[in-house]
Amino acid sequence: MATKLPSPSRVGMVSLGCPKNLVDSERILTQLRADGYQMSPDYAGADVVLVNTCGFLDSAKEESLEAIGEAIAENGRVIVTGCMGKEAEMIRARFPNVLAITGAHEYEQVVEAVHEAAPASISPYVDLIPDAGLKLTPRHYSYLKISEGCNHRCSFCIIPSLRGDLVSRRPDAILREAEKLVAAGTKELLVISQDTSAYGVDLRHKAWPWKGAEVRSHMTDLARELGRIAPWVRLHYVYPYPHVDQVIPLMADGLVLPYLDIPFQHASRAVLKAMKRPANEAKVLERIRSWREICPDIAIRSTFVVGFPGETEDDFRYLLDWLDEAQLDRVGAFRFEPVEGAAANTLPDPVPETVKEERYARIMEKTAAISAAKLQAKIGRTMDVIIDAVGEDGATGRSYADAPDIDGEVHLRDAGHLAIGDIVSVAIEDADEHDLFGAPAGAEGQLHA
């Protein structure tokens, strides 16, 4: 008589927030898949639904609460995890039928909660899992989390209270994960953490054996080794410590993409002091100039907060003048928003909402003009582009200066023959404020690794 395989329990997932949350979701799903669960793409087919919440801003909290409410309405069996797990009482008061609530990166607890809510049906015939684990990103790029938590105490941020102090992963474990991801098809590794520059500080930059040698738990050493594994390595959330200078030669040598994501947040010394961030904006400008001397193509993206308590018109004008000097490639701006539990909420001289809006419009106009000029300067160049989508005649991809879902894109004509994940030489023909336009260089375009 034929063996009847048990029907596996099915888990749905709603993942909100930043890429770090996305990596947490991937890890949770990977463990659940290894435990015999199947994934459900919709509420109706799920035995239980996980909602991985974001709690950084009040608006993000409200989005998380709406997602929890929708999951309960559509399915009824809901487990909440992520940053809002710190506010379990508030969640239970609003949604008393939630099955369980766990905090950020509490992988074991959330998996245990799933086991209790929907016991696994494990079968040796079907329960196989890829070496690289389950991913929520496309096959050709992957987020690689190198640490959790943060040692800074910026007055506008509650991340340390949500995720704790810095805890770095061992470098050999990170590199093994990178090898598995590349073996499974990853072409671009996006290195993420709360503070990538601080990687290994808690480990005292101890070295671990790797490939017959040793590798230190230090950002520079890790970036160098990752560059030997993946075709593209992109560094995110880089705090401008002095040792960041050591990474720039790796970019000039082609081991790491010439791209730095540095959240400067502001330029005015008074505002930076109120934010409890280093107020060395002049020195930063000098370092940016020196980085460009070593690696002229380096792309720098950053984020800034406008309307921070106490920000004067002079402070804001200083920021605009600083941006003229810095000539950053990509800039994101945020209006200051009080976050429950943040020290900045008690600062004097709040900026009126109308002024925040006006300053936000001005900074976006300024940075859009800088971005447009920089993109115009790339017309006529040939650049490597990683392909994200292919249509009948064209394709869409990204250059070294473009992180997925954050920066711009490169739109290609006559590119229907390409495949997702290809890295191809592209002749740039046109540009607008955000994107580039071109075609594969030569008859077919030169494909790279």
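This is a predicted model: local features need pLDDT of at least 70, side-chain atom pairs count only at pLDDT 80 or more; totals for chains, interfaces and linings use all residues.
If we leave aside residues up to four places away in sequence, Ser40 touches Arg10, Val11, Gly12, Gly45 and Ala46.

Five strands form an open sheet in the order 2-1-3-4-5, with parallel pairing, and its edge strands are strand 2, residues 38-39, and strand 5, each of which pairs on one side only. Within the sheet, strand 3 and strand 4 run parallel and are joined by five bridges; Thr53, for instance, has Gly82 in strand 4 as its bridge partner.

Two helices lie across these strands. Helix 1 lies across strand 1, strand 2, strand 3 and strand 4, and runs at about 175 degrees to strand 1. Helix 4 lies across strand 1, strand 3, strand 4 and strand 5, running at about 175 degrees to strand 4.

Which residues of helix 4 are buried? In this helix, residues 107-117, they are Val110, Val111, Ala113, Val114 and Ala117. Seen down the axis of helix 4, these buried residues fall within an arc of 155 degrees, and so they line one face of the helix. The face of helix 4 turned away from the buried side carries the exposed residues Glu108, Glu112 and Glu116. As for what covers the buried residues of helix 4, this includes helix 1 (19-34) together with strand 1 (10-15), strand 3 (48-53), strand 4 (78-82) and strand 5 (100-101).

Let me turn now to strand 20, residues 436-440. Four of its five residues are buried, so strand 20 is largely enclosed by the rest of the structure. Strand 18, residues 410-412, runs parallel to strand 20 and is joined to it by three bridges, with Leu412 standing opposite Gly438. Strand 19, residues 423-431, runs antiparallel to strand 20 and is joined to it by five bridges; here Ala427 has Ala439 as its partner. A hairpin of four residues connects strand 19 to strand 20.

Finally, the aromatic side chains. The structure holds seven aromatic pairs. In one of them, Phe156 and Phe308, the ring centres are 6.4 Å apart and the planes are at 85 degrees, so the pair is edge-to-face. Phe156 lies in the loop between strand 7 and helix 5, and Phe308 in the loop between strand 14 and helix 11, so this pair ties together parts that are 152 residues apart in sequence. Phe156 counts as buried at 12% relative accessibility, and Phe308 counts as buried at 0%.

Another pair is that of Phe264 and Trp322, whose ring centres are 5.4 Å apart with planes at 70 degrees, so that it too is edge-to-face. Phe264 lies in the loop between strand 13 and helix 9 and Trp322 in helix 11, 58 residues apart, and both Phe264 and Trp322 are buried. To close, Phe156 and Phe308 form one aromatic cluster with Phe336.

Methods:
Residues are numbered from 1 along each chain as its sequence is written. Side-chain values use heavy atoms; hydrogens and water are left out. Buried means under 20% relative accessible area, exposed over 50%, partly exposed in between (1.4 Å probe, protein chains only). The arc is that of the directions from the helix axis to the C-beta atoms. Contact means heavy atoms within 4.5 Å. Two strands pair if DSSP finds at least two bridges between them. Axes are lines fitted to C-alpha atoms, for helices over the stretch in contact, and angles run from 0 to 180 degrees between N-to-C directions. Rings of Phe, Tyr and Trp (its six-membered ring) pair if their centres lie within 6.5 Å; planes under 30 degrees apart count as stacked, over 60 as edge-to-face and the rest as tilted.
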